[in-house]
Amino acid sequence: MMTMTTVITGIAFVAVHLVLAYFVFRYSGRQKAEHVEDNPRLERTLLLITSLLIAIMLVPGLFAYSQVIAKPSDRLVVEVLGEQWRWNYRFPGEDGIFGRTDVRLITSDNVFGIDPADPTGADDIVIVGGPLYLPVNQPVLLQFRSKDVLHNFWVPEFRVKIDAVPGTVTESWFTPTREGTYQAACAEYCGVAHYVMTSEIHVVDAAEFEQWLAALPTVAQAQE
Amino acid sequence: MATPAAAAHAAHEHHEPQSFWRKYVFSLDHKVIGIQYTVTALAVGAIGLVLSWLMRLQLGFPGAVGAVNPTNYYQFMTYHGLIMVVYLQTAILLGGFGNYLIPLMIGARDMAYPTLNMLSYWTYLLSVILLLAGYFVPGGPSGGSWVLYPPQSITAGTPGSGLGITLLLASIAVFVVSATMGGLNYITTVLQMRTRGMTLMRMPLTVWGVFISAVVALLSFPPLFVAGVMLLFDHLLGTSFFIPTVNVLGTVLPHEGGSPLLFQHLFWFFGHPEVYVVILPAMGIISDVMATHARKPIFGYKAMIVSMAAIGVISFIVWAHHMFASGMNPFFGYIFAATTLVVAIPSAMKTYNWLLTLWKGSIRFTTPMLFTIGFVSTFVIGGLTGLFLGNVAVDLPLHDTYFVVGHFHLVMGVSAILAMFAGIYHWFPKVTGRMMNETLGKIHFFVTFLGAYLVFFPMFLMGFQGIPRRYFSFDLVAFAPSGLDAVNAMVTVAALAVGAAQLVFVANIVWSAVRGREADANPWQANTLEWQTPQIRPGHGNWGPKLPEVYRWPYDYSVPGAARDFIPQNEPEVAVVSPAAGPEPEGAGR
Amino acid sequence: MTRFSQPSRGSRGAVAEGRLVVLPGGGHRDDPVARSQIAVGLLLAAMTMVFAALVSAYLVRMDLSDWRAAPLPPVLWVNTALLVAASAALEAALRPARAGDTRRLSTLLWVAGLATAAFIVGQLAAWFQMRAMGYGVAATPGASFFYLLTLVHGVHVLGGLVPWVRLLARLRSGREPEEPGGRARARDRDGDDGPAGVVPALRLCAVYWHFLLGVWIVLYLLMLLT
């Protein structure tokens, strides 16, 4: 998609500028102008060609978009919480269920505001500020929350982008296909330290990921 | 019929207000008001320009200017954006050019409502004062970015989230009131005050551009007003229109349940049409300047009007393409991507028509013409890069990166500013009776035009690398390529050069107004009515005892067989060879 | 390829034949009545956008989970009746204006103005009643909207009093208040003073009131039914 758009617009850019340069050079006041008012046929042709090119870019674009927003079925769910000015992550733990949260319960020890009354929250695993490890070739569904203002979790290599909006949960998903170290940066202006809101992300093989996750304390363990 | 009252009125007409204050300050004359708008807007624009230098210095040479820190960087960013889009471009293109040119171009004595017109200017000035007052209150001006997204804009993590944002929102609300008064006036004037013979389809495209733009402004600014008032409620009264339960820097705020997305919808319902409010008058100015200096009718006059109207209408149904990554219902992505790409079609038609206007023309490379040609170039690259951002799947990786910065600066920043310069160089002789200096003008053009490319083209490449915008520093961005610092330094140098070129422009204006070569009544040999006034600098009432009558459209340039290569709109009869009996058309121009 | 101006091309005139063509209805309408109608029409269009934005914000906000409406103060019924009365009085004033009955006209104008002023006072009273019921501006989203909608609407009603005052002044002095620079207006009015002369302005005034009455009914029903 990106390539096709680049090619079409690139050609259009060069073509228009060549024509512009030629006209500017060719009709540079040495001869009298001709009184030409319009040329409906030429205009119709140009209209048709333009509409066609637009359609060529738009239609595949919409198909590509339908794939972007189609949720993967076998997925690893991670919750991402944006706050001024760091990223925090949460895994649901053994039970696969995230404990209930409430913004009012957020403290420096409980950055997600997990409700202690909810038993499903005890085995959740919380990572404050990162880094986040993800298994390679495993579809990942990120659920975004924000405790304060808008943020946007942006890892250029993953090519997805969605705001973390306070008051709601937004989602995006992707499948990391190459092991390595990446970085998430904030791509929605979030106040005076917007530019420092980065977080490290490691894409590793499944075994290493499991090892990393198992070594992290659960919420219950962390409280002891 | 002549009652005493009417006679009193008639007598009154011969006693124009002559005091200095009435004539130059609280003037009701559309020309004075237009100049007031222009000068004020340029002065505020100069502030916006200096703010961009400060930001560029920080980005190009981090730390070199110790006075720039994240707090004031984001304040500069906010004020630069708002000043340039609203208080410079909107004000100068509608309030400045619209005011000065509409009555002259349609052959009217003044605007339909002169008092309202004056009020519109003074209200605008009040909004500017409220805006700048932000710098003189505790906590400083708002650093909420020009889009002012809540909760960020009114919470503690953002500079100026106290009195600063209050003043900013008040300023915006006042500006909307001013723009509404102006818009009412422009539209009514165009519909009602045209002189005899000036049909709608004989109006110069500048008037068409301002007219359509005023309609768009009139209908799109109210949602901004509403968004601003609601945000003020949230900010000052603790309501929860836009703010859900949040914990900002350790404090739970009293709000609950509001929707940040609601603000974004209201804002962009204004914000996108606003782009066209700025660019439509620019398109009109470009068309008229181009036809005059290429000695040729604008190609496809009707198509130009239809495409401007189409752009105006479509502008109301594309707003959510600014929100593809906002977390709104993803289904909207399909709709708004489609409508957005459709708007490219009328825009492309206009570009073709400008190119075809140059075709077989006789181009005079005057300064206004150079700016016009430059406009076509920057408008094309700005428009083409819009095809990336409008297509939702392509947009997502580019959203909020430097690609966006490059795109909107070229398409509505640089392009509209180039059109503004084209207009100023073109109509300066009308306003002052003197020509602007051509050499200085050409220096101004080439540095500005080439500099703009050097500043903004690299931003597309940065965008492809994913470099996010609104960053005070890239030190912590691991994915920034190694050459980024060098590129940023180059961009900064180019930006400073462009800035310096604007000093040349200011010097040119001041020098030419006092010492410039005296202008003829019609130095560009143009057809439009404003050049046919009885005095070179039209006096109060514009036309002397009798209004001009219009007999033709404004683009009778190089009519075969005519004695001169232009026929003013108010010229009734010209001896021309009829096409049937005339020389072979193809040979006529050679 | 090359085309010339043809006489048949309507507005572009008959250049090729050197003939003078001024199309009928081309420009120069400059009719102060039509001008005011256009201006008021545009104003109402802009105001429609204001209230459309408010209503859509209301509907969007209403759908969110924490929505709680607020009870409406009963005085709103009285206020609605007052606004209806003001609107009706302006409409009724058109007849004596046409008939030249200055006394009846000015009575009805005063009725409209006083009813409008009473409406504003009533809306203020409604705010106090709301507060007394324990619904401050930030109490519930519904209450916030109540204050917001009544404020924006009330400001527009107050704005309507400006042309109302001008009408009264014009009726009193027998002519339109002088507008410096408005030469065309003075010229075109042709001494049509007195009650009949105010009919166009009175009609626009009435239209403005009807519009705001309509908006108020929409807003009131919106708040009442949700």
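In the predicted model, the axes of helix α3 (residues 30-60) of chain B and helix α5 (residues 114-133) of chain B come within 10 Å and cross at roughly 15°. This angle makes α3(B) roughly parallel to α5(B), since angles under 35 degrees count as roughly parallel, over 145 as roughly antiparallel, 65 to 115 as roughly perpendicular and the rest as oblique. Axes are lines fitted to C-alpha atoms, for helices over the stretch in contact, with angles taken from 0 to 180 degrees between N-to-C directions. Helices (H or I, at least four residues) and strands (E, at least two) are DSSP runs, numbered from the N terminus. The crossing of α3(B) and α5(B) is left-handed; the term applies if the near helix is turned anticlockwise from the far one by less than a right angle, and right-handed if clockwise.

On the α3(B) side, the residues that meet α5(B) are B:H30, B:I33, B:Q36, B:Y37, B:T40, B:A41, B:V44 and B:I47. Their counterparts in α5(B) include B:P114, B:M118, B:Y121, B:W122, B:L125 and B:L132, where contact means heavy atoms within 4.5 Å. The residues of this contact of α3(B) with α5(B) divide into 13 nonpolar, 5 polar and no charged. In this division Ala, Val, Leu, Ile, Met, Phe, Trp, Tyr, Cys and Pro count as nonpolar, Asp, Glu, Lys and Arg as charged, and the others, Gly among them, as polar.

The model is predicted, and local features need pLDDT of at least 70, side-chain atom pairs count only at pLDDT 80 or more, and totals for chains, interfaces and linings use all residues. Residues are numbered from 1 along each chain as its sequence is written, chains are lettered from A and ligands numbered from 1 in the order in which they are written, and side-chain values use heavy atoms, with hydrogens and water left out.

Helix α13(B) passes α14(B) in a left-handed crossing. Among the α13(B) residues in this contact are B:Y402, B:F403, B:H407, B:L410, B:L418, B:F421 and B:Y425, and those of α14(B) include B:H444, B:F449, B:F456, B:M459, B:F460 and B:F464. By class, the contact of α13(B) with α14(B) comprises 15 nonpolar, 7 polar and no charged residues.

Chain B is divided into domain 1 (26-196) and domain 2 (539-590), with bounds that come from an automatic or database domain assignment. Taken over C-alpha atoms, the centres of domain 1 and domain 2 of chain B are separated by 40 Å. Domain 1 of chain B gives 11 residues to the contact and domain 2 of chain B gives 12 residues. In chain A, the division is into domain 1 (2-21 + 40-69) and domain 2 (76-222), whose C-alpha centres lie 39 Å apart.

Chain A contains an open sheet of 5 strands in the order β3-β2-β1-β5-β8, with mixed pairing; two strands pair if DSSP finds at least two bridges between them. Its edge strands are β3 (125-128) and β8 (170-174) of chain A, each pairing on one side only, and the twist averages 25° from one strand to the next. Strand β5 (residues 140-146) of chain A runs antiparallel to β8(A) and is joined to it by 5 bridges. Within this pairing, A:L142 has A:S172 in β8(A) as its bridge partner.

In a further open sheet of chain A, 5 strands follow the order β4-β10-β9-β6-β7, again with mixed pairing. Strands β4 (132-135) and β7 (163-164) of chain A form the edges, each pairing on one side only. The antiparallel strands β9 (residues 180-186) and β10 (residues 198-204) of chain A are joined by 6 bridges, and A:Q183 stands opposite A:E200 in β10(A). Helix α3 (residues 206-215) of chain A lies across β4 and β10 of chain A, at about 140° to β4(A). Helix α3(A) also lies across β1 (76-83), β2 (86-91) and β3 of chain A, running at about 95° to β2(A).

Most residues other than glycine have a negative phi, and most peptide bonds are trans. A cis peptide bond joins A:Q84 and A:W85, with omega about 0°, and A:W85 is found in the loop between β1 and β2 of chain A. The bond from A:G130 to A:P131 is likewise cis, with omega near 0°; A:P131 lies in the loop between β3 and β4 of chain A. In chain B, the non-glycine residue B:L249 has a positive phi of about 50° and lies in the loop between β1 (247-248) and β2 (251-252) of chain B.
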